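Q: I'm new to this one and would like to walk through it step by step. Could you take me through what stands out?

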Amino acid sequence: MKKIAVLISGNGSNLQSIIDACQQNRINGQICAVFSNKADAYGLQRAEESAIPTHFLNPKEYSDRTDYDSALLTAIDQYQPDLIVLAGYMRILSSGFVQHYHGRLLNIHPSLLPKYPGLHTHRKAIENGDQEHGTSVHFVTEELDGGPVILQAKVPIFAEDQEEDVIRRVQTQEHNIYPLVIGWFLEGRLSMGNNTAILDGKVLSQQGYASD
């Protein structure tokens, strides 16, 4: 069975959606380990409750990002995962780490990329008067939130919305589309080539797979 390593920093709601999808056979694979840069990340408890090995690597114990990522890489490779999934992992990855897992490193970002890379995406969408927002699953490259998009999901923004309303709406879609894309990868349907996402042999557009 194909193996998934998951990196988290916080609550782990996307991790939980992946755990559920594996248990329900919607993903033909299993999570082999969960790694966090935060000792108190609730996602670690989620993993432990599902008997998934967990690892906390303290950034304060390493001289810089490169050293930290080197240790993280070594810990991950002990499990020989087929796919590495970022699920709310809040550290910028070093180029060496990204290159090591080239083509098998996924992230989910809470915006309709290339719009709003980085942080505070929901707030930016509201402040700019956007009528829609959303989330994107993409391959990770050395450009922050700049790797090829695989699948996006859109949500409306209403005039009376607070930031929490939009966050909740977006997370609902994240929990739907991330397990779907992970399943595509583990089934051999999805790959990255020439900085593009390729699904079922077809190069996807800048917005990824064209389906609402």
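A: Gladly, and please keep in mind that this is a predicted model.

Q: Which element gives the most?

A: That is α6, which gives 5 residues to the lining of the largest pocket.

Q: And what is the lining like by class?

A: Sorted by class, the lining of the largest pocket has 18 polar residues, 16 nonpolar residues and 6 charged residues.

Q: Back to Leu-93, where is it found?

A: Leu-93 is found in the loop that runs between β4 (83-86) and α4 (95-100).

Q: Is Leu-93 buried or exposed?

A: Leu-93 has a relative accessible area of 12%, and because buried means under 20%, Leu-93 counts as buried.

Q: What about Asn-107, where is its place?

A: Asn-107 sits in strand β5, and it is buried, with a relative accessible area of 10%. Its contacts, again leaving aside neighbours within four places in sequence, are Leu-86, Ser-136, Val-137, His-138, Val-140, Asp-145 and Tyr-178.

Q: Changing topic, how many aromatic pairs are there?

A: The count comes to 4 aromatic pairs. In one of them, the rings of Phe-35 and Tyr-79 have their centres 6.1 Å apart and their planes at 80 degrees, so this pair is edge-to-face. Phe-35 is in strand β2 (residues 29-36) and Tyr-79 is in the loop between α3 (65-77) and β4, so that the pair links distant parts of the chain, 44 residues apart.

Q: Is Phe-35 buried or exposed?

A: Phe-35 is buried, and its relative accessible area is 1%.

Q: What can you say about the pair that Trp-184 and Tyr-209 form?

A: Trp-184 and Tyr-209 are also edge-to-face, at 5.6 Å centre to centre and with 75 degrees between the planes. Trp-184 lies in helix α6 whereas Tyr-209 lies in the segment after β10 (202-203), so the pair ties together parts that are 25 residues apart in sequence. Trp-184 counts as buried at 7% relative accessibility, while Tyr-209 is partly exposed, with a relative accessible area of 37%.

Q: One last thing, which domain does UniProt annotate?

A: The unreviewed UniProt entry carries the annotation "domain: Formyl transferase N-terminal", which covers residues 2-182. Over residues 2-182 the chain is 36% helix and 24% strand, and the C-alpha atoms at the ends are 11 Å apart.

Note on methods: Residues numbered from 1 in each chain as written. Predicted model: local features only at pLDDT ≥ 70, side-chain atom pairs only at ≥ 80, totals over all residues. Heavy atoms only, no water. UniProt positions renumbered as here; feature names shortened; annotations may be inferred. Helix = DSSP H or I, 4+ residues; strand = E, 2+ residues; numbered from the N terminus. Nonpolar A, V, L, I, M, F, W, Y, C, P; charged D, E, K, R; others polar. Buried < 20%, exposed > 50% of the residue type's maximum accessible area, 1.4 Å probe, protein only. Contact = heavy atoms within 4.5 Å. Phe/Tyr/Trp six-rings, centres within 6.5 Å; stacked < 30°, edge-to-face > 60°.
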